[in-house]
Every structure is written in structure tokens, then in C-alpha cells.
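Hi,

Here is the structure I promised to pass on. Have a look at it first, and then read on for my notes.

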Amino acid sequence: MAGLRVEQYVVGPVMTNCYLAVNEDTNEALIIDPGDEGNRLIEKIREKNLNLAAVLLTHGHFDHAAAAAEVAETFQVPIYAHEKEKETLETPGINLCAMIGESNAVYHADVYVKDKDVLQLAGFSIEVLYTPGHTIGGCCYYIEKEQAVFAGDTLFCGSVGRTDFPGGSASTLLHSIEEKLMSLPGQTKVYPGHNEITTIGWERQYNPFL
């Protein structure tokens, strides 16, 4: 194992979980879903003297993507997202930026990935799991050797993501969870986009939506 340490930061008006995934062996790091408070996140990375390798977006809603460009530009690193999420990121009516009083906010990614791509970043092998349903191009990032999955708004502790936003589909979301997440080992830690950290095993047994 590479020695994964996950640091959780709750940011923005809807209390979004942003994560730093730190390789304790090399001090490299990834940041997942920097949706707000870019200055705070940048200071944390600098304070801990981390070598940021990339920004990973699970999906394109404002509360997960709004500070991505600021962080990426500061550390000169690429932003990753699923290829089917480009429209969500770049379309104000879909990325929900109006919820924070903005009408024309546009987000972007530098690298668009596909389902089952394996990214070699910060010393980790990270599998892209395409999990549409909350958005058209939502995805999760699974680090098998570290028994961790960053689930965005696909799966929550005791719940699942909303499907009443543009591009959402309840049946698609449940299929994504069953096919891509419930098949993971039970001890896998789930780092969701909101609320508490959980495990696949706990959700398999107790989540009322599954």
C-alpha cells in the first residue's frame, strides 16, 4: 500500500465534502471536489507542504467544481472529470450555479476520462467508475489497494444522490450503485460528497434505498 491518508474539508453553502488524498510515502496528494473556499484549500495544501498532482471531479455541479480552476491554476495541475460530464460543467443551467446567485458560471476539466480508465496519480492506481444518475457524467474514483472510493453524490451514508436535477435519473442511479459500488469489497471506505464517511458493507446491509 502507498499509505493513503484522507483529509476531509467541508466547504461552501451546502456543506460539500472536499477531500485531500495524501500519499504518506511521497507527500504527493490529490484533491477531490474542491467546490468552494479555494483560498482555504490552497493554504491547507501549502501548510502541509504537499505536492499536488491533480484535481479530480466526481461531477460538475457548482458545489463540487467551483474552486477547481483556482486550485489547479495555483499548483499548475490538471483537472479530471468523466467525458460525459463536459456539458454539465460548461452549462450554467445544468451545473446549478444559479443556486449561489451566479447565472453564467462555467467550469472545465483538462482531462476527460472514461469508465474503467486507470489513472496513475500521486503514486496511486485509481480506477474510474462511471456512475450516472445524479448527473449524466457522474463518476467515482476507486483506489483498490487502499480500500477507498470517492463517491461524490452517487452514494451517501444511508442514502443516495438526488435525481431531480437536470440529467438525473433514479433508475439509472440505483443501477450504477448496484453494478459499480455494491460489488466492491465490504471493507471499502466510501468518501461521499456530503455527510458522513461510510463503508460498502454497511450500505449493503442498511441503506434503505438499496
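How many cavities of 30 Å³ or more does a search of the whole structure find? The search finds 1. Before the details, a word on the source: this is a predicted model, in which local features need pLDDT of at least 70 and side-chain atom pairs count only at pLDDT 80 or more, while totals for chains, interfaces and linings use all residues. Residues are numbered from 1 along each chain as its sequence is written, and side-chain values use heavy atoms, with hydrogens and water left out.

**Cavity and pocket**

The largest cavity has a volume of about 40 Å³. On a 1 Å grid over the protein atoms alone, a cavity is a set of points where a 1.4 Å probe fits but cannot get out; a pocket is an open set with protein on both sides within 12 Å along at least five of seven lines; and lining residues have an atom within 4 Å of a point. Points are joined across faces, edges and corners, and a volume is the space filled by probe spheres set on them.

Among the residues lining the largest cavity are Thr 58, His 59, His 134, Cys 139 and Asp 153. That lining divides into 1 nonpolar, 8 polar and 1 charged residue (Ala, Val, Leu, Ile, Met, Phe, Trp, Tyr, Cys and Pro count as nonpolar, Asp, Glu, Lys and Arg as charged, and the others, Gly among them, as polar).

The largest pocket holds about 190 Å³ of space. It is lined by 14 residues, and the closest to its centre are Asp 63, Asp 153, Arg 162, Phe 165 and His 194. Here the lining splits into 7 nonpolar, 4 polar and 3 charged residues.

**Around strand 3**

Strand 3 (residues 28–32) has 4 of its 5 residues buried, so it is largely enclosed by the rest of the structure. Buried means under 20% relative accessible area, exposed over 50%, and partly exposed in between (1.4 Å probe, protein chains only). Helices (H or I, at least four residues) and strands (E, at least two) are DSSP runs numbered from the N terminus, and two strands pair if DSSP finds at least two bridges between them.

Strand 2 (residues 16–23) pairs with strand 3 in the antiparallel sense over 4 bridges, with Tyr 19 opposite Ile 32. Their hairpin has 4 residues between the strands, and Asn 27 there takes a positive phi near 70°. Strand 3 and strand 4 (residues 51–56) run parallel and are joined by 5 bridges, and Glu 28 stands opposite Asn 51. From strand 3 the chain passes through helix 1 (residues 38–47) to strand 4 in a right-handed β-α-β crossover (with the strands pointing away from the viewer, the path from the first strand over the helix to the second runs clockwise).

**Salt bridges**

There are 9 salt bridges in the structure, each a side-chain nitrogen of Lys or Arg within 4 Å of a carboxyl oxygen of Asp or Glu.

- Glu 7 and Arg 5 have their closest N and O atoms 2.9 Å apart; Glu 7 is buried at 12% relative accessibility, while Arg 5 is partly exposed at 28%.
- Arg 5, Glu 7, Glu 24 and Lys 48 are linked in a salt-bridge network.
- Arg 46 and Glu 43 meet at 3.6 Å, N to O, and are about one helical turn apart because 3 residues separate them in helix 1.

Happy browsing!
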